[in-house]
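Please look over the sequence and the structure shown here before reading on. The report that follows takes up a few of its parts in turn.

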Amino acid sequence: MNRTWEAAARAACAALFLAAGGALAQERTAVEEIERYRQALADGNPAELWEARGEALWKQKAGPKNASLEKCDLGLGPGVVKGAYAELPRYFADSGKVEDLESRLVTCRMTLQGLTAAEAKKDPFGGSGKKVVNDALVAFITAESRGHVMNVKTDHPKEAEAFEIGKTIFFHRGGPYDFACATCHAVDNIRIRLQDLPNLTKKADAQRAYTSWPAYRVSQGEVRTFQWRLEDCFRQQRFPHLEFTSEASVALTLFLAKNANGAPFNAPAIKR
Amino acid sequence: MADPMKIRASMSGDKVEVKVLMSHDMETGTRKNSKGETIPAHFIQHVTASHNGKVVLSAQWGPAVSKNPFLSFKFAGGKPGDKVSITWTDNKGDKRTDEATIS
C-alpha cells in the first residue's frame, strides 16, 4: 500500500515538473531568446576594435593643418571626452548650431584639421573592405561615456527649438507608405521580422533604445552610429534621404536623446 | 597591415583565461559583390597562442569562422605578470602578432 502511494506521488510530481517545464519553454519568447543571444555575444564585442582604432585616429595628426582632434571641444571643454556623449546633442556657441557627436566631429575636422565640409562628411559609414574615420571616432568617444547618466538639456532656445523640430519629425506622417517614426515606435509589441521594436513614447523603452546605440551589427560586421540608425529608419519608411549631420537628423537625435535622460549610457552595444 | 588584436588575459581560479578579438574580414570566397564578381577568399588559417614562448594553443581555422573573430580559451601554468602572445596567419600570407600581460 505504502509503496503504491509513493509511486503515485512520484508520478504526480514528475507530471507537475513536466508541466512546469513546458510552461517555462513557452514563456521564453523570441524576444528573450534574442536577448540571450546578445548577452552571449557581449563578452567579445568587436566594437572594441573600432574603439581602439578611434582612439588612435583621435590622437593622429591629419588634414591640411596636420593636427590631431585632441583639442576638439565636445561640450565639456577642449579635449574632454569622458562623459561628453551623455550630454549631446547640445548648442555650441563657436559654430552657432546645435550639434550631435557626428556633426561636432565634422566641425572639429574642419576647424582643427582644415578639411572642407565635403571632405569631412565623405564616407561616414564603413562597409565591407572599407574602413572609415567617423564610425571609429564615434565608437571611441561613446565608449568613454559608458556608465554616465544621460543628461541632455534644452535650456538654450536653439536646443528647445531642436527638441520641438525632432518631436514634429517623429510624429510626421509622409512618404509613399504614409509612415511616421511613430507608426512603429509609439505602439507596444510591434515587430519587424524577428526584431522587437521599442515604443519610444515610453520612458523605459526610449532609454533602453537610445543608450544602446552605437552598436556592432553582427549581420553587417560593422559598428553602426546613430546617424546611420536614423538614415536607415528613413530609408525603411521610404522617406527622402536623410542627409548626414543635417539639421533634421540632429533635431531628431536631440529629441530621442533627451527622452533617454536619467538612464546610464551603455554603448557601443552589440546587436544581431 | 592589419589592425591590432585586442587581448585580455586574467587569472580565473588556477587557470589563465584569455580572450582575443581579431580584426579580419574573413571572406569565405563564395560571396559576390554588387557587380556579380566573386569576392576572393581571405581568412585566417592558423592561430597560435604562446605563454612565455611555449605554445599553449594551436588552431587551424577556415572560412566558417565569423568576421572579426572572438576567441576565448583557458590554459594552466600561467601566473600574473607573464606574457601571452597570439599570432594569426591568413591565406594571403598576412600575419599579425600581439602580446598581453596576464593580470
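With its C-beta neighbours inside 10 Å counted, is N66(A) exposed or buried? The model is a predicted one, and in it N66(A) has 9 C-beta neighbours inside 10 Å, so N66(A) counts as exposed.

## Residues with a positive phi

N66(A) sits in the loop that runs between α3 and β1 of chain A, and its phi is near 45°, a positive value in a residue other than glycine. Most residues other than glycine have a negative phi, and most peptide bonds are trans.

In chain B, N68(B) also has a positive phi, of about 45°, although N68(B) is not a glycine. The loop that holds N68(B) lies between β4 and β5 (70-76) of chain B. Because N68(B) has 22 C-beta neighbours inside 10 Å, N68(B) counts as buried.

## Chain A as a whole

Chain A is built with eleven helices and seven strands, and of its 272 residues 35% count as buried. Among the contacts in chain A between residues at least 6 apart in sequence, 68% join residues that are at least 24 apart.

Two packed helices are described by the angle between their axes and the distance between the axes. In chain A, the axes of helix α10 (residues 226-236) and helix α11 (residues 247-258) come within 10 Å and cross at roughly 105°. An angle of 65 to 115 degrees counts as roughly perpendicular, and α10(A) and α11(A) are therefore roughly perpendicular to each other. On the α10(A) side the contact is made by F226(A), Q227(A) and L230(A), while α11(A) brings S249(A), L252(A) and T253(A) to it. The residues of this contact divide into three nonpolar, three polar and no charged.

The buried residues of α10(A) are F226(A), Q227(A), W228(A), L230(A), E231(A) and F234(A). What covers these buried residues includes α4 (101-111), β6 (222-224) and α11 of chain A. Just after α10(A), R238(A) takes a positive phi of about 60°.

## A three-stranded sheet in chain A

In chain A, three strands form an open sheet in the order β6-β5-β7, and the pairing is mixed. The strands β6 and β7 (269-271) of chain A stand at the edges, each with a single partner strand, so one side of each is left without a neighbour in the sheet. Direction ignored, neighbouring strands of this sheet are turned by 35° against each other on average.

Strand β5 (residues 215-217) of chain A pairs with β7(A) in the parallel sense, over three bridges. In β7(A), K271(A) is the bridge partner of R217(A).

## Chain B and its strands

Chain B has zero helices and seven strands, so that, read along the sequence, its pattern is β-β-β-β-β-β-β. Its C-alpha atoms fill a box of roughly 50 × 20 × 20 Å, taken along the principal axes. Buried residues make up 23% of the 103 residues in chain B, and of the contacts in this chain with a separation of 6 or more, 54% are between residues 24 or more positions apart.

Strands of a sheet pair through backbone hydrogen bonds, either parallel or antiparallel. Strand β3 (residues 44-51) of chain B is joined by seven bridges to strand β6 (residues 83-90) of chain B, and the two run antiparallel; in β6(B), W88(B) is the bridge partner of V47(B). β3(B) also pairs with strand β4 (residues 54-60) of chain B in the antiparallel sense, over six bridges, and in β4(B) the bridge partner of A49(B) is L57(B). Together β3(B) and β4(B) form a hairpin with two residues between them, and N52(B) in the turn has a positive phi of about 50°.

## Where the chains meet

Eight residues of chain A are in contact with eleven residues of chain B. On the side of chain A that touches chain B, the residues divide into three nonpolar, three polar and two charged.

Conventions:
Residues numbered from 1 in each chain as written. Chains lettered and ligands numbered in written order. Predicted model: local features only at pLDDT ≥ 70, side-chain atom pairs only at ≥ 80, totals over all residues. Axes fitted to C-alpha atoms, helices over the stretch in contact; angles between N-to-C directions. Helix = DSSP H or I, 4+ residues; strand = E, 2+ residues; numbered from the N terminus. Parallel < 35°, antiparallel > 145°, perpendicular 65-115°, else oblique. Contact = placed C-beta atoms within 7 Å. Nonpolar A, V, L, I, M, F, W, Y, C, P; charged D, E, K, R; others polar. Buried ≥ 20, exposed ≤ 12 C-beta atoms within 10 Å, placed from the backbone. Pairing = 2+ DSSP bridges.
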